[in-house]
Amino acid sequence: MNNGDGEIASRLEKFTNELFPICRSITGQGVRETLRRIGAEVPLRTLSYTSGTPVFDWEVPPEWTINDAFLEDPNGQRVADLRTNNLHVLNYSVGVDKKLSLEELKPHLHTLPEQPELIPYRTAYYQRNWGFCLPHAVYQRLSSGTYHAYIDAEVKPGVLEIGECFLPGETEDEVLFYAHTCHPSLANDNLSGIAVSTWLAKWLCNKEKRRFSYRFLWGPGTIGSLTWLAHHQHSVANIKHGLVLVLLGRPGTFHYKQTPFADAPIDRIAARCLRKRGDEHEIRPFDPYGYEERQLCSPGFRLNVGRLSRVPHDEYPEYHTSGDNLDLIDGRTMAEALVLCQQIVDEFETRECFINIEPFGEPKLGKRGLYNSIGGRAPAERVEIMLWILNLCDGNHDLMDIAERSGYTLETIRELATELTERSLLKPI
Amino acid sequence: MNNGDGEIASRLEKFTNELFPICRSITGQGVRETLRRIGAEVPLRTLSYTSGTPVFDWEVPPEWTINDAFLEDPNGQRVADLRTNNLHVLNYSVGVDKKLSLEELKPHLHTLPEQPELIPYRTAYYQRNWGFCLPHAVYQRLSSGTYHAYIDAEVKPGVLEIGECFLPGETEDEVLFYAHTCHPSLANDNLSGIAVSTWLAKWLCNKEKRRFSYRFLWGPGTIGSLTWLAHHQHSVANIKHGLVLVLLGRPGTFHYKQTPFADAPIDRIAARCLRKRGDEHEIRPFDPYGYEERQLCSPGFRLNVGRLSRVPHDEYPEYHTSGDNLDLIDGRTMAEALVLCQQIVDEFETRECFINIEPFGEPKLGKRGLYNSIGGRAPAERVEIMLWILNLCDGNHDLMDIAERSGYTLETIRELATELTERSLLKPI
Amino acid sequence: MNNGDGEIASRLEKFTNELFPICRSITGQGVRETLRRIGAEVPLRTLSYTSGTPVFDWEVPPEWTINDAFLEDPNGQRVADLRTNNLHVLNYSVGVDKKLSLEELKPHLHTLPEQPELIPYRTAYYQRNWGFCLPHAVYQRLSSGTYHAYIDAEVKPGVLEIGECFLPGETEDEVLFYAHTCHPSLANDNLSGIAVSTWLAKWLCNKEKRRFSYRFLWGPGTIGSLTWLAHHQHSVANIKHGLVLVLLGRPGTFHYKQTPFADAPIDRIAARCLRKRGDEHEIRPFDPYGYEERQLCSPGFRLNVGRLSRVPHDEYPEYHTSGDNLDLIDGRTMAEALVLCQQIVDEFETRECFINIEPFGEPKLGKRGLYNSIGGRAPAERVEIMLWILNLCDGNHDLMDIAERSGYTLETIRELATELTERSLLKPI
């Protein structure tokens, strides 16, 4: 990693540090603030959808406002306090201000008996409920007596917000990146994805030229992608490739989850970039659980969207607990993921399909100075490669296919295809 | 095997015992009588086709009536007698009443030199001929002198009859079962198939509800299926699945012969039911010789019809001889085959393809009480399975495909698909 | 090899001996003379294309006439002389008559430092240049002083000539054979291909009956096939199969290079004929370098054309040098290749696709005398095979497919398919 990367690592870390304390949810002030911070880095349009708007089988939920929340034990000690850790409050809790016995309280308490020191992350988006989340160790020490449960919160009509950064390119064909914004103080899941995608968008903003259009979406999980899809059904066809970015800050091997098709261009390109890195990684087939690929790859859409993460959600012990905090992630780990994403983008940007416009036999390379001037010798290797390219640029093969078929590197194929294009023998399609 | 099965074994055995003595052929009194007995067990419609009716490249043959037949040696001893064993007469022999020398007689005698104690089963449907079938041991002891060949038979215009039991179901999609009825006193081939199919039809008659329509055909080999096909060309498309039932009474491993497609639903279901049984069995690819699958899978029809037997026709020594008699088969063996057929039917009855009717993203399982009410935890396994089902019920996959893909059992998939259907998220197709 | 083969070997050898001294190029007197000799063996039409005629991305080049050429050293010794070996002159050299120093001369000299005793074969078709080719050993001994470079040659408007032998058959479907004629005194590349193809055409001329039409083309490499293709674009569709014949005189294992489709009939037939020979051979996938398959398999044509050679061009050390001379090849080696080509032709001649014209069930074989007259016995093997044929002659399978599927030999399948055709049950398609 060079100094530039070190600097980016610092900035990613700073960004996640700033975002960490915010109490996010699928709607509300925390999301708004998060989008504002993202918008300070990249040009962002905030899409607002009014509560109650029908979204396929769903509807946009009421908005959650949380001001304060604590749970006092019989001695007046706060055993849970939003200000200490926003995981302490059941996300989407309605307001409550009640004295109640331990027995009455217990149904509202959530703990992790097997990880007794950690606060669980729990939600109740689609029901009117309230609750507190505690370390099991604390829970076990609770004495009987009267508790004070106080949550200053409202669930009322408002909006659901999605941040969108659309970077038009030379074609309407889009590459989509999605990172979910609904998790409160959880670092790996998914501040890491938010940070990496934001910096990826920044980098793409600064590119002079983009062949593809890029669309970044930062929105809540599930209802966010559904809402966006429901309002963009007619333009969804432009999304030719996509990647869900999650869990990129905790060190661990990269995992790429394939599209349902397993051989979409994003599948081959992601695999290729991972292979290039040289270190261990894992490629897994599509399954219908996970993050936004669930919606984007549903039968009604079946988009070519894969998912890039490091260790997947259900496979690291800190997942959805207070253990997923800033200590768990680091900037260099995110910077590495950013570089990988940049490599993937570069692959798309440089990936081109060409068509041979002199397909009837071989064109006369010699008159363009491309063939050995003295014949009879073995042709220069570059001539052989040009013949591969000319032969396979038949509308069905892209340069990567040609590289794989001919045994030459993509770089070499690309270089010579460019030359052939300049010579008016190929044209990009 | 429970008592019920023991009782069914007895009844199957009784049925084959009753049918055994009848001298069947492709037409005539023996078939008529056989269909009458089947009709005593299940609702049967007899389809009659007049001799001479064109049937593709064939025509319905004249009808054969056989009253008596014997061959007396020079000493007046009967060396062949229809009343002793109807295999003694060449099936479809015309009438003869002739004294003739051994040399004149010999071209009309059929034996099995390699199985000298057995009478062969021989036919002459489509030529005017007569003959006797003898054990080769008897043949070798024939002394010279004058023989009396007497066959009281007629081959004259009449009808060809096919028994049909059609059991309508909820859909017009049909499962076809075919057992041939043309063999005289041969037990395994195919009284066993007739018995098993009859009891299968009885069982299906008594089912309260049938998803598929079932069509049982009992008719002669080759000309029977051809005649039926020729007269039902426009409804043949309803036959979605089918099974030819033969050779099910002689103990031996089950053999399933695939359709020409090798991966038709009947192929997968038959294989699955055989695997479930746990004991040895064999699955073979389609070949164009055999029983009615020859016609049903011909290029003009290519129906999804497999064949279920135990040891195939050309692989058991008693095939087409007097050794294929009631001693060779037993009721329990047939009852086992019946159970297997019932399992196959059950698979079809319970096999369902569904379509996700909320295919745009995931439907909101929570509002239907199907999703964890408190979010943030790993979803219940049933939720994961539902996601598999919703994702793959795209019109291309059936539940078995989903089971295989997801690694859950078909039973589990089916249970949750049913639930999703009840919740109006899937509908059967 | 029988006496006949021995005689053919002698005649092939005599033919290559006669052709060897001729100084061929892509145009000119050497080609003309070569085509005249081929025309003495087979009916030949010479197609002439005027210099300057546009040919796709190319144009027909001016014609080269070479009368004499030598290079004298300062002592008046000829270190290169067209009359000694026509490889000494850079093919397509323009005229020169010049005294010049060794340093001035050097850019015009071509040698093979790694094979110092051999003269390289070098060309300059598409530039105005002159040069001499020398053994590197000679080159290294050249002393300084004044050299005399003399080439009596002209490059001026004329014609490009292609020899064509078209042998009409029962159908317009063509099998194409191409051998290039542009190489001067090089024996394996490609007098061997010219000789084998000429004798193959002779043999085909004498066939009483040809199912396919055969087209033999003898023309220069690259510009020859391009010119022919450009002038026959509308009839190219008739070329259903084809084979480029090259490098067949130098002993070595046969190499078959597949079409881009890898499973075209020529691919399967060539592989089959090679397997039949029993000895070692190699089958390689298509690549875009090589001989006329480069043009014939280009994206605009994608003809089913493979290539038959022994050791390929870039894998034998004498390739494109004076080492590729008459000592390198022998008649028996070429005769073997001829036999292989004849076997391939025989496969095409006997290869037939049929359609079952009684596809609805099995046709009545018995009424055509094709089925056992006495039924009940295992069918004759020929009946089983007929059933295979009738079942698989569905328009998608040819007889070789049926042979492979049924396990019977192609010969057997063919014999019975012929019989079924005679019986009006199949018809060729």
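User: How many salt bridges does the rule find across the interface of chain B and chain C?

Analyst: Four salt bridges turn up across the interface of chain B and chain C. This is a predicted model, so local features need pLDDT of at least 70 and side-chain atom pairs count only at pLDDT 80 or more, while totals for chains, interfaces and linings use all residues. Residues are numbered from 1 along each chain as its sequence is written, chains are lettered from A and ligands numbered from 1 in written order, and side-chain values use heavy atoms, leaving out hydrogens and water.

User: Why is the pair B:R294 and C:E362 called a salt bridge?

Analyst: The term asks for a side-chain nitrogen of Lys or Arg within 4 Å of a carboxyl oxygen of Asp or Glu. For B:R294 and C:E362, the closest N and O atoms are 2.5 Å apart, so the pair qualifies.

User: What makes C:D57 and A:R368 a salt bridge?

Analyst: Their closest N and O atoms are 2.5 Å apart, so that pair passes as well. The interface of chain C and chain A has four salt bridges by the rule. By class, the side of chain C touching chain A has 14 nonpolar, nine polar and five charged residues.

User: How do you know that chain C and chain A are related as by a three-fold rotation axis?

Analyst: Chain C superposes on chain A by a rotation of 120° with 0.9 Å of shift along the axis, at RMSD 0.4 Å. The two copies are thus related as by a three-fold rotation axis.

User: What is C:F216 in contact with, leaving aside its neighbours within four places in sequence?

Analyst: Contact means heavy atoms within 4.5 Å. Among the partners of C:F216 are C:C165, C:L167, C:F177 and C:L204, with those sequence neighbours left aside.

Notes:
Copies are superposed by least squares on the C-alpha atoms of residues with pLDDT of at least 70 in both. Ala, Val, Leu, Ile, Met, Phe, Trp, Tyr, Cys and Pro count as nonpolar, Asp, Glu, Lys and Arg as charged, and the others, Gly among them, as polar.
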